[in-house]
Amino acid sequence: MSVSTSVTVIGLGPMGRAMAGAYLDAGYRVTVFNRTASRADELVARGALRAATVEEALAANETVVLSLTDYAAMYALLEPAAPALRGRVLVNLSSDTPERVREGAAWAAKHGACHLTGGVQTPPSGIGSPEGDTFYSGPREVFEACEDDLKVLTGTDYRGEDPGLAALYYQLQMDLFWTALTAWLHTLALADANGISPSQFAPYAARTLGGMDQFLDFYTPRIEAGRHTGEVERISMAVASMDHVVHTTRDSGVDPALPAAVLEAFRRGAAAGYAEDSLTRLFEVFGRGAAA
């Protein structure tokens, strides 16, 4: 396939290597840089150009994809090369908090670079497929100018001009993902302690998690309307149910910290006077959590 355009990828962990590989597969001229230069060996063998320095990597292309641990890593790597940032478009796919991302975008602008925030919602194995998605935020005209290049990696979901929005949506997804995955692992540990293997319980876990969309569809409009009446379920019921889970966990010799934390959240809702309201009332209780 003939070269259609070019891009620089800085940061060659598993995600960065997958991104550089996707661009190579799409016929791009790809320049790569990583502090540990050997991480580029396979990509160079496939046709990528290895930059000897960060300055060389930045100079090679207008569009520069960053795949770093966090924004502190960006500063550590790019600050010494700041004069080379002028005129570059930094597509920053590194993870961090929305506020740190906003600070990073301002830092890039100070050095004459445009900053586009990305929050990737797929593992490295999903890079190069339109079935995955990445949140983007920042200047709309920059996103639109880069969109064809970004679609080489995944589908795109532009969230708005605020550079922190993509990071916020990403962190929202991570809040849900890690919490749910941890609950599943705790459930498997509890099952295993009672002689039930992960494969034996897997169909039931899949059934429970697979039905969550029905709960989302039912409760979301009620939450937005501020309607937390307990005709379907109540916090008092949740307290009693989770108390049984905690006792079962302790009796089984399994660490009860996770369900105990959930039980404590339920009890907070009841103590606030919402025992007979729906569990969705915790939406408001959590929202006041920083002051609690």
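Me: I'm looking at Phe 215; which helix does Phe 215 lie in?

Reply: Phe 215 lies in helix 9. Helices (H or I, at least four residues) and strands (E, at least two) are DSSP runs, numbered from the N terminus. This is a predicted model, where local features need pLDDT of at least 70, side-chain atom pairs count only at pLDDT 80 or more, and totals for chains, interfaces and linings use all residues. Residues are numbered from 1 along each chain as its sequence is written, and side-chain values use heavy atoms, with hydrogens and water left out.

Me: Is Phe 215 buried, exposed or partly exposed?

Reply: Buried means under 20% relative accessible area, exposed means over 50%, and partly exposed is in between (1.4 Å probe, protein chains only). Phe 215 has a relative accessible area of 47%, so Phe 215 is partly exposed.

Me: And how do I read strand 1? Why is strand 1 largely enclosed?

Reply: Strand 1 covers residues 6-10, and four of its five residues are buried, so the rest of the structure largely encloses it.

Me: Which strands pair with strand 1?

Reply: Two strands pair if DSSP finds at least two bridges between them. Strand 1 pairs with strand 2 (residues 29-33) in the parallel sense over five bridges, and Thr 8 stands opposite Thr 31 in strand 2. Strand 1 also pairs with strand 4 (residues 63-66), again in the parallel sense, over three bridges. There, Val 9 stands opposite Val 65 in strand 4.
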